[in-house]
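This report goes through selected local features of one protein chain. The sequence and structure come next, followed by the notes.

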Amino acid sequence: MATPIADLRARIAAQRTDNPAMYGAVDFAIEPERLLTDAKNPQELIAGSELRAYPKVAAALLEDRALMERMAAYTMMGDAAADPYAALMPEHGFKRLVDMLVEACDKGVDKVEGAPVELITFIRSMEATPSWVDMKLVEEGARLQRVTFANVAPWAIRGAFIATFMNKYAALPMALTGTLSNKTAARRIKETAMFFGTSVLPGALARFGAGFKAAAMVRLMHSMVRFNVLSNGKWDQKVYGIPIPQVDQMPAGLISDFLISSKVLREGRSDFTPEERAQIELSRYRCFLLGLPEDLLAQTPRGIVDAWNARALSLRAGFDEATCGGLLRATLEADLIDTSTPQGQIRARLERSFAKVYFMQNFCDGSEKAAARFGVKIRAIDRVRAAAVGVGLMGQMRLYGAAAKTPVVRHLADQRLVGKVRGYLGSLGHAEFTTDATKYKPVAGVKPAA
């Protein structure tokens, strides 16, 4: 059951009193510029949104006031469990907070000497598994998603990451944290791949699994970003709201759900197959561990697509060269593959081309012109390279699909996939899941807080 909007607004306002170190200067009564709720004519809202190319979809969503109000509310909601812990940085220091969290994940929070109550609350909230979670279904979803991750993710992760930089209002925290550089962009891409790859390994999302720990580290990193940017005077709340709000966690956490759900609806179906349902439940539980509220975790194909689109409609369209353009270029130029060998150089060229075409097909409706408006130019050679990679990937996916249906080789095929995932994760190096405020960079056009 969805949280009543009055209760939700009270929880949002309470962030200021519950966590004054982080939110004491935030006025939650202010409606930021990023929110599209201020036009009297619905057509004005649609014209200013990221759904302007789909006026009928947008118009239908605008009629669902409960959904749109919920999206607007969660635009001002941080992480109630992780934020108070991150706000202890002045007292405990950046490294000590990370070390205590790592120990709590590895050994249990009761084993952490002098564990602050904020850490205990944080870990306990992650351990409070909702009644709707079926871990057998989650494990089955992970098994199914291993096929896609092992074969497609190494080629597509850059293209999916680019999609998070299409809007200046949502992308600003990444720009402020220095991700405009090639090196930092590569690190963030690898950390994203590490988290999602780890989460599909057997048992990874169990209490002492590597995926549980990675989720906690990601949450702390995001909360540290919130604390740092709200403290350094470089954040304009009247324009951007709060850094990395809950609705901005949706694209990364629910992208696979959205793509699966869109396919279901295109095929004229209203529900998932058992295999699709398992993958949806994997994502929903993974999002729970990442701190997303159940209000944003729809269960049906229509609910998932509507929630995704409602978030897009509530976010004012905006792409600027300083923020989005810089992040896109840094992401496209980031070195993700070892190019010290001829084979590595060839693979790097193929990967970049495939990532660009993947971005165009999945986030620009297959339009080269739309992709170019975001700074992603698709050349003829990119299409040729992407097609070559795609043929190979299609063959691999079919091979593993057939193996999964054959009792004799199913287990062996899955073992091979686990090995491929681990091998890919190993090639990415160590994921720190940290953020250093001393390396934050100013971004042109960003006004300091008043």
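Where is the place of L336?

## L336 and the basis of the model

L336 sits in the loop between α19 and α20 (342–363); helices here are DSSP runs (H or I, at least four residues), numbered from the N terminus. The model is predicted, so local features need pLDDT of at least 70 and side-chain atom pairs count only at pLDDT 80 or more, while totals for chains, interfaces and linings use all residues. Residues are numbered from 1 along each chain as its sequence is written, and side-chain values use heavy atoms, with hydrogens and water left out.

With a relative accessible area of 18%, L336 is buried. Buried means under 20% relative accessible area, exposed over 50%, and partly exposed in between (1.4 Å probe, protein chains only). Neighbours within four places in sequence aside, L336 is in contact with R158, A186, I189, K190 and E351, where contact means heavy atoms within 4.5 Å.

## Packing of α13 and α19

Helix α13 (residues 182–199) packs on helix α19 (residues 321–333) at an angle of about 75 degrees, with axes 8 Å apart. Axes are lines fitted to C-alpha atoms, for helices over the stretch in contact, and angles run from 0 to 180 degrees between N-to-C directions. The two helices α13 and α19 are therefore roughly perpendicular to each other; angles under 35 degrees count as roughly parallel, over 145 as roughly antiparallel, 65 to 115 as roughly perpendicular and the rest as oblique.

On the α13 side the contact uses N182, A185 and I189, and on the α19 side A330, T331 and E333. These residues divide into three nonpolar, two polar and one charged. Ala, Val, Leu, Ile, Met, Phe, Trp, Tyr, Cys and Pro count as nonpolar, Asp, Glu, Lys and Arg as charged, and the others, Gly among them, as polar.

## Nonpolar cores

The largest nonpolar core has 140 residues, and those with the most contacts inside it are Y85, L101, L119 and F359. A nonpolar core is a set of buried Ala, Val, Leu, Ile, Met, Phe, Trp, Tyr and Cys residues joined through side-chain atoms within 4.5 Å. Helix α14 (residues 210–231) gives the most to this core, with 11 residues.

Residues up to four places away in sequence not counted, F359 touches G159, I162, A163, M166, C364, A371, F374 and V376. Another core, of five residues, lies apart from the largest one and includes I260, V264, I280 and I304.

## Two arginines

R311 belongs to helix α18 (residues 301–314) and is buried, its relative accessible area being 11%. A polar contact of 2.6 Å links the side chains of R311 and D248. Such a contact is a pair of N or O atoms within 3.5 Å; within protein, one must be able to donate a hydrogen and the other to accept it, and residues adjacent in sequence count only if both atoms are side-chain atoms.

R385 is in helix α22 (residues 380–404), and its side chain makes a polar contact of 3.3 Å with the side chain of S353.

## Positive phi values

Most residues other than glycine have a negative phi. I244 has a positive phi, near 50 degrees, and is buried at 13% relative accessible area. D365 also has a positive phi, near 55 degrees, but is exposed at 59%.
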